[in-house]
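Dear colleague,

Please find below the structure that I am handing over to you. My notes on what was found in it follow directly after.

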Protein chains: 6
Amino acid sequence: MATVRLWSDDEAEADPAVKAVFDDLRATRKSDFVNNFWRGLANDPVALKRTWESLKAIMVQPGALDPLTCELIYMAVSATNTCTYCIHSHTAAARQKGMTDAQYAHFLQIVGMAAQTNALVTAMQIPVDEAFQVSG
Amino acid sequence: MATVRLWSDDEAEADPAVKAVFDDLRATRKSDFVNNFWRGLANDPVALKRTWESLKAIMVQPGALDPLTCELIYMAVSATNTCTYCIHSHTAAARQKGMTDAQYAHFLQIVGMAAQTNALVTAMQIPVDEAFQVSG
Amino acid sequence: MATVRLWSDDEAEADPAVKAVFDDLRATRKSDFVNNFWRGLANDPVALKRTWESLKAIMVQPGALDPLTCELIYMAVSATNTCTYCIHSHTAAARQKGMTDAQYAHFLQIVGMAAQTNALVTAMQIPVDEAFQVSG
Amino acid sequence: MATVRLWSDDEAEADPAVKAVFDDLRATRKSDFVNNFWRGLANDPVALKRTWESLKAIMVQPGALDPLTCELIYMAVSATNTCTYCIHSHTAAARQKGMTDAQYAHFLQIVGMAAQTNALVTAMQIPVDEAFQVSG
Amino acid sequence: MATVRLWSDDEAEADPAVKAVFDDLRATRKSDFVNNFWRGLANDPVALKRTWESLKAIMVQPGALDPLTCELIYMAVSATNTCTYCIHSHTAAARQKGMTDAQYAHFLQIVGMAAQTNALVTAMQIPVDEAFQVSG
Amino acid sequence: MATVRLWSDDEAEADPAVKAVFDDLRATRKSDFVNNFWRGLANDPVALKRTWESLKAIMVQPGALDPLTCELIYMAVSATNTCTYCIHSHTAAARQKGMTDAQYAHFLQIVGMAAQTNALVTAMQIPVDEAFQVSG
């Protein structure tokens, strides 16, 4: 159970600030489904609006990376942070954006490999090579 | 300073098991440069071979995801695990594989956004929507 | 299900060392409720006593920070460590100590913002400004 | 060394979008000092603006929690995420906002205590008490 | 619910590559029980084989550390990564390998103590003593 | 640089509460060396005493696990928490307690393997087998 109330559609409909975000979210995603994250954030309409607008700018609107790659990066962060909810929601989103079983299997192997080498490097405290010390 | 000895080229040359991995690594990457991670792992030649072969299979040989996407996933895990070495080495690798400044900027925004929503979801203990509870 | 046995009140009553801690815990908190964490720790009465005495000294007895601020810091650590149990127990404790909905909403925004900037800073490996390099 | 270029004041001055954020940041903080985080984010002026506006809304403008409490929460998240930069910058900010040595000592004890009980609870997989399963 | 299909025994039996790993796993462990981790990994038979062979080499075959110590290290990493599944499976494995209640209680205290001092050290950004800066 | 002052021997000598802990630490360890962690904690003599007494009880006094195993568990937690200071200090302590190069190499492989399977399990959200759901 959440530590906050999850807003029903009726409650959202009755609050203009929340309704505006839910409406935009549904129109942008071309779907009536509003997942629990937004229903929890609705307790703070200002935060709801700010978070949705950031997410839309970064994950929905056209950017330098394609939509599936964006989801894979999101999934990688979420898995590493052990965020159960985010793993489920973004794996589902990646599938909707065309992730194949082979791509998901490859993704899983990379996440596991990175976690392993991260742990080895950290445990051995390997110093960064000078060759990598070049800023952008 | 590392907690293990970083093998010099001369030392690696003198140990057939280590030499074999360093040789394959150089041939595979078409570069003479062997970064510190492998020089630290060389203290355990069996682990060195196993790790390199796994990495080669997952990150170098053709797979379902293209090489740059692989690096972006690796970078996302490494940043979330705060692995300084891995962040530097894989950001450098991504640039070598063609990552543009615009793609890197987009990547950073996704990593930040995912970290933020991960934290919000976790702090509010949002339950997973039934719609996401569908196995592959 | 826990990996350890959770002690019932009857079991605790029958072990003088455990009983002493449960009695002090109930008297200190002015409540009969003993939550599962202590019932799990009871398997190691010495650790139970040490942990409760440390917690009492840090979180219950008057200190430089007021009780609600203490809980907010505890919640921030627990959310970042994705400790489901601790998030629930300390959010409940904060509400008991007077946390308003507005304060909780503000807390959530700070936790999300900090997670986001932490991730950005780490991914970009921003060096610490000299101005911050001043010890206490 | 960062993986991105840190913008100098001259460079920032020459880019209207970056200049606008740096100007607002200096005016809001009543200080000429712009720390490295913003100089790194300047490579993506849109992200720079969005991040600064979110931070200003959450950490600078009056909210339900007082400025020092906000910093203590930020510090708790940053310490738990082992974000060296953020620990330094927000500990410095907390001192500027009046954090005393006694308050900092108390903060450190809470962060340590929370990390310890988080680890114990997680290792024992303690189930959440029904009494805590009450949503907001 | 998992994000991948968990293979039944019948499905595994019908796929030679998966069957080979399940057979070796059962023979090596002298038990018919194949836990869910391997049933999920079975979706990628190449990864299944690589992961099982690494695990067998590191955790099953005789090495410099005895089997119970190996499990305790695995449990410590899993608890710190808040991996619920791994905490359960490796605590069970440790008990099978002879872990006593007293050893488990001691383990828990070390995990809690390490988490606490890790957090304190990180929050205070304690510099590494020169005496520790000696590589292997 | 630390966010707190590191106490010199002269300062510690002049404060009876700090001196008492430093004296006991030196006598217990049979060494004059007091590492930086304690010099930072000295700013809060009550916390210094509590932390040292807990550490002594858990890590120094005879317990169910032998001293080297204790250090290996501490190292595993510290590596997973990416605590640079703790990795260095406890790897040094493990060597002092007799850790061989072969044991350290084995330790590193377990830490890497656990991190990898933790990440795979979490990314796939593998449900805990009923067989593991047996409390202590």
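Which residue just after helix 7 of chain F takes a positive phi? The residue is F:Gln125, with a phi of about 50°. Please bear in mind throughout that this is a predicted model.

Confidence

The model carries an ipTM of 0.97 and a pTM of 0.97. For chain A, the mean pLDDT is 96, and 98% of the residues of this chain reach 70 or more.

Helix 7 of chain F covers residues 101-124. Its 24 residues should span 34 Å at 1.5 Å a residue, and the end C-alpha atoms are 35 Å apart, which agrees. Of these 24 residues, 21 are buried, so helix 7 of chain F is largely enclosed by the rest of the structure.

Chain A: domains and one residue

The domain assignment divides chain A into domain 1 (1-61) and domain 2 (65-126). The C-alpha centres of domain 1 and domain 2 of chain A are 25 Å apart.

A:Gln133 lies in the segment after helix 7 (101-124) of chain A. This residue counts as partly exposed because it has 13 C-beta neighbours inside 10 Å. Apart from neighbours within four places in sequence, A:Gln133 is in contact with A:Val128, B:His88 and D:Met1.

Chains A and B

How many residues of chain B are in contact with chain A? There are 61, and they meet 62 residues of chain A. On the side of chain B that touches chain A, the elements giving two or more residues are helix 3 (36-41), helix 4 (45-60), helix 5 (67-80), helix 6 (84-96) and helix 7 (101-124) of chain B. The largest share, 18 residues, comes from helix 7 of chain B. By class, this side of chain B has 37 nonpolar, 22 polar and 2 charged residues.

Chain B can be laid on chain A by a turn of 180° and a shift of 0.0 Å along the axis, with an RMSD of 0.0 Å. The two copies are therefore related as by a two-fold rotation axis. The same surface serves both copies, since 100% of the contact residues of chain B recur in chain A.

Chains A and E

Between chain E and chain A, 6 residues of chain E are in contact with 6 residues of chain A. The side of chain E that touches chain A has 1 nonpolar, 4 polar and 1 charged residues.

Yours sincerely

Note on methods: Residues numbered from 1 in each chain as written. Chains lettered and ligands numbered in written order. Predicted model: local features only at pLDDT ≥ 70, side-chain atom pairs only at ≥ 80, totals over all residues. Domains from an automatic or database assignment. Contact = placed C-beta atoms within 7 Å. Nonpolar A, V, L, I, M, F, W, Y, C, P; charged D, E, K, R; others polar. Helix = DSSP H or I, 4+ residues; strand = E, 2+ residues; numbered from the N terminus. Buried ≥ 20, exposed ≤ 12 C-beta atoms within 10 Å, placed from the backbone. pLDDT = per-residue confidence, 0-100. Expected span 1.5 Å × (residues − 1). Least-squares fit on C-alpha atoms with pLDDT ≥ 70 in both.
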